[in-house]
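Visitor: Could you walk me through this structure, please?
Guide: Gladly; let us look together.

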Amino acid sequence: MTKISVPDMMCENCVKRITNALTAAELKFEVSLADKTVTIDGCQNCVKTAVSELEDLGFSPAVQ
């Protein structure tokens, strides 16, 4: 499990956009608006994919 900080995730709409993108990328993940994090359940390549997807959505992800 790898946590990715997404400090600019502000609302449920952000959560929905992230959820849609990571689901489409076929990743196992959990989004927490309260913690402003996305937890990826997978290999390092999965984490890279998630970070790339988040950046494509306009977020500033940082692997913790």
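Visitor: Among contacts in the protein chain between residues at least 6 apart in sequence, what share joins residues at least 24 apart?
Guide: A word on the source: this is a predicted model, in which local features need pLDDT of at least 70, side-chain atom pairs count only at pLDDT 80 or more, and totals for chains, interfaces and linings use all residues. Residues are numbered from 1 along each chain as its sequence is written, and side-chain values use heavy atoms, with hydrogens and water left out. A contact means heavy atoms within 4.5 Å. For contacts between residues at least 6 apart, the share joining residues at least 24 apart is 59%.

Visitor: Which pattern does the protein chain follow along the sequence?
Guide: Helices (H or I, at least four residues) and strands (E, at least two) are DSSP runs, numbered from the N terminus. The protein chain has two helices and four strands. Read along the sequence, they give β-α-β-β-α-β.

Visitor: In what order do the four strands form the open sheet?
Guide: Two strands pair if DSSP finds at least two bridges between them. In this sheet the pairing is antiparallel, and the order is β2-β3-β1-β4. Each edge strand pairs on one side only, and these strands are β2 (29-32) and β4 (62-63).

Visitor: What percentage of the 64 residues of the protein chain count as buried?
Guide: Buried means under 20% relative accessible area, with a 1.4 Å probe and protein chains only. Of the 64 residues, the buried share is 36%.

Conventions:
Buried < 20%, exposed > 50% of the residue type's maximum accessible area, 1.4 Å probe, protein only.
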